[in-house]
Amino acid sequence: MGISPLQDGRERYASGVDRQDPYLRVLCVNIFVRDQDRSLRFYVDQLGFGLVIDESYESGSRWVAVAPPDGNTVLALVTPKRKSEEYKLIGHCRNAVLVTEDVMAKFDEWQRRGVRFHHPPQTTLWGGIFTRFEDLDGNVFSLVGKDDFVREIEAERRVAAEKLEAERRMAQELHIAKQVQARLFPQTLPQLKTLEYAGICMQARQVGGDYYDFLNLGRERLGLVIGDTSGKGIGAALLMANLQANLRSQSAIALEQPQRFLRSVNQLFYENTTDSAYATLFFAEYDDEARRLRYVNCGHYPPVLLRSDNTLERLDSTSTVLGLFREWDCLVADLQLFPGDTLALYTDGITDSFNDGGEDFGDERLIEALRRHRELPSRSILAAVVEEVRQFSPHEQHDDITLIVAKCTGN
C-alpha cells in the first residue's frame, strides 16, 4: 500500500516544541507577479489572506507580503524588473500547496469570488481531495484536504481553545485575587490629633507580597505596620494574606504586650507556612496623646525619621525576620516625636528601583525627596516620592512599591 508524500512528510517531520533538533519552518516563499497592487487585491480580497507588510524603500523597491489565516508561511509578492531572469519566472509557480479542512467549501467560496480553478475537487489515490487554481499571473496552487488533516486541525484548535480558556480563567482568577488583596489593605484611617499619615502599595504584578496596615489599638493608640514577604506573585500574596490575618487576629494584645503579640504572630506564621517562607516586618505603636512611638523592626529596611531641624534618624532592626524560627523574640525600642517630624516606612521596591544605567534609587534619594517635599501633606508626599521613583526608573516595575508617610502635627 502506497503512502502519499504529503502524509509521509507530515508524519516524519511533525512540528512540536518537544523536538530535540533546532526549530525549523518555512517562513517566506517568493511569488513573482507583474503588478503588486493587483496581486495584493487578489490574495487579500479573493483568497482572504492577511497583509503582513507593505513597505516602500528609497531605492524604489517595495516589499509586499501576505499570509494565509494561520500565518505560518508568508508569500512575498515580488515584481521583478523587466528583462531580468526573475521576470521570466512570473506565472511559473507550479508546486505551492495549501491545505484546508474542507476543500469543497473553499472551492465554492473562492469560485464565487472569481478565482480560476482548473477543475472541481477530485479524490486521490491516497485518500484525499484536491483541486488547483491560478492567481492573476498564472501561478498555480494546489488546494488539498484529507481526513487526517482535518483531525489534526481540529486537535490543534482544541489545544488552542483550551489554552485560551486556561489563560482566561487564570486572568479572571488573578483579577479576583487582586480585588481580594486590595481589601486586605486598610480601608479606613483612624483619626488622630497629633499624627497625619497615609500609605500606598503599588504592586508590580496583579498581586504581590508587600503589606502595610493601620491598626486601631484603642485608647488613642495607632499601630503602623509595613512588611515584605518572601517570593513573588501568587505565592507572596498568600504569605501576605497569612501575615495580615495573624497580625489582625492577635492585635488585641499589641497595646499592653507588644513582644508577646509579635511572638504569637511569628509562631502562627512559622506553623502555617513552608520552611523557607519568611517576612520582614516593622510594627510601631503610636500614642496620640504623648506623641511617643514604640516599635519593633523585624529585619525590615530601617524607616527614616526626618526631624523638624532636618536631622535624620534610622529605626534599625531590633530582631530577626518572622517565620524562619520557632523560638523567636524581639526588643522594643521607643522614641519621642515632635511637631514637624516626618516618619517614612518603605519596602525595597522604593530603594531598589533602578535606572537604565543599573543605578539604584537608594535611600539617599528617598531622604532628599522627603526633605524637598516635607512641607506637603503626607498624601502629597507619597505621590511626590512615587513620581520621583517612576521618573528615575521609567521601565517596567520589577518589585512592589510600598510607602507610609506619617507627620507629627500640633504646637
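**Figure 1. C93 and C28 in the predicted model.** C93 is buried, because its relative accessibility is 18% and the cut-off for buried is under 20%. C28 is partly exposed, with a relative accessibility of 35%. This is a predicted model. A search of the whole structure turns up zero disulfides.

**Figure 2. F133 and its surroundings.** F133 sits in strand β8, which spans residues 129–134. Its relative accessibility is 0%, so F133 counts as buried. Beyond neighbours within four places in sequence, F133 is in contact with L47, L98, W110, V115, R116, F117, N139, V140, F141 and L143. F107 lies 26 residues from F133 along the chain. The C-alpha atoms of F133 and F107 are 9.3 Å apart.

**Figure 3. The largest nonpolar core.** This core holds 24 residues. Which of them touch the most other members? They are L195, L224, L293, L315 and L343. Strands that each supply at least two residues of this core are β10 (195–202), β11 (210–218), β12 (221–229), β13 (279–287), β14 (292–298), β17 (333–336), β18 (342–346) and β19 (401–408). A second, separate core has 22 residues. L217, L247, L262 and V296 are among them.

**Figure 4. Close-up of L195.** L195 is one of the residues that touch the most other members of the largest nonpolar core.

Figure 5. Two elements give two or more residues to the lining: β3 (62–67) and β4 (74–78). How many lining residues of the second largest pocket are nonpolar, polar or charged? Three are nonpolar, five are polar and two are charged.

**Figure 6. The protein chain as a whole, for orientation.** The protein chain has nine helices and 19 strands. It contains 411 residues, of which 45% count as buried. Take the contacts between residues at least 6 apart in sequence: 65% of these join residues at least 24 apart.

Terms used: Residues are numbered from 1 along each chain as its sequence is written. This is a predicted model: local features need pLDDT of at least 70, side-chain atom pairs count only at pLDDT 80 or more; totals for chains, interfaces and linings use all residues. Side-chain values use heavy atoms; hydrogens and water are left out. A disulfide is a pair of cysteine sulfur atoms within 2.5 Å. Buried means under 20% relative accessible area, exposed over 50%, partly exposed in between (1.4 Å probe, protein chains only). Helices (H or I, at least four residues) and strands (E, at least two) are DSSP runs, numbered from the N terminus. Ala, Val, Leu, Ile, Met, Phe, Trp, Tyr, Cys and Pro count as nonpolar, Asp, Glu, Lys and Arg as charged, and the others, Gly among them, as polar. A nonpolar core is a set of buried Ala, Val, Leu, Ile, Met, Phe, Trp, Tyr and Cys residues joined through side-chain atoms within 4.5 Å. Contact means heavy atoms within 4.5 Å.
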